[in-house]
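Open the model in your viewer and keep the sequence panel beside it.

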Amino acid sequence: MVITFDLAIYVKAKQIQWKFPEEFSDTVIRMGGFHIALNFLAVLGKKYQNSGLEDVLIESGAYGSGSVMALMKGKTYNRGVRAHKLVMEALFRLMWQSFLHWLNGGGMESQEQIVDEEHITDSIKSFRLAVQNKDHVPQSLEATMSELFTLLELFEVFRQEQKSRSKMFDFWNEYISIVMNLQFIKAEQT
């Protein structure tokens with residue numbers, strides 16, 4: 001049996017489970033998603049404390065200094081999730097621009113793999129629309145899917161190459177990966 005509690009009751013329930021392990025051997029006690037997310041945000045804030053993340057959030061005008069201090073400690077749920085998603089998107093957009101430059105001759109060894117950004121963007125939009133409407137994927141998009149998979153493979157090559165070249169790239173790439181884990185919130189809510 002799986003039982004979900006908020007933080008205060010979880011602590012007490014866990015103590016009882018430890019005290020009587022035979023009686024509660026088939027019981028799984030877990031913290032609720034809200035408290036897991038707050039702890040996740042606190043760990044994320046601690047790991048990236050003094051990295052410049054606070055300055056970005058304040059200087060951009062998105063948050064005040066008091067709000068940033070609270071969200072870096074994991075004290076504000078909505079602001080914390082939103083702030084980390086905003087920074088992640090900004091970093092990912094910068095990474096994508098760098099990837100396209102690398103792909104179109106700025107760093108790729110082979111010049112034959114030039115990608116038309118507009119074509120890819122249109123393909124992604126069409127594919128996303130088909131999935132949202134639960135339509136069957138048109139055959140024209142099925143061909144584009146193989147292009148997208150190739151593009152994703154190249155993107156991973158780019159990321160690995162840049163990670164080996166730059167510790168700063170690796171640091172912020174790791175941040176993007178960690179913030180992507182916030183998707184568990186939607187799964188928890190669903």
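This is a predicted model. Start by selecting Tyr77, Asn78, Val81, Lys85, Met88, Val179, Met180, Leu182, Gln183, Ile185, Lys186 and Gln189, which line the second largest pocket. The volume of this pocket is about 240 Å³.

Next, colour the lining by residue class. Seven of the lining residues are nonpolar, three are polar and two are charged.

Which helices each supply at least two residues of this lining? Select helix H5 (77-106), then H8, then helix H9 (184-189) to see them. H5 gives the largest share, with five residues.

On H2, select Phe40, Leu44 and Lys47; on H8, select Glu174, Tyr175, Ile178 and Val179. Five residues of this contact are nonpolar, none is polar and two are charged. Val179 of H8 belongs to this contact and also lines the second largest pocket.

Finally, zoom out to the whole protein and switch to a cartoon view. There are nine helices and two strands. The protein has 190 residues, of which 31% count as buried. Among contacts between residues at least 6 apart in sequence, 65% join residues at least 24 apart.

Note on methods:
Residues numbered from 1 in each chain as written. Predicted model: local features only at pLDDT ≥ 70, side-chain atom pairs only at ≥ 80, totals over all residues. Heavy atoms only, no water. Contact = heavy atoms within 4.5 Å. Helix = DSSP H or I, 4+ residues; strand = E, 2+ residues; numbered from the N terminus. Nonpolar A, V, L, I, M, F, W, Y, C, P; charged D, E, K, R; others polar. 1 Å grid on protein atoms, 1.4 Å probe; cavity = no way out; pocket = protein on both sides within 12 Å on 5 of 7 lines; lining within 4 Å. Points joined across faces, edges and corners; volume = space filled by probe spheres on them. Buried < 20%, exposed > 50% of the residue type's maximum accessible area, 1.4 Å probe, protein only.
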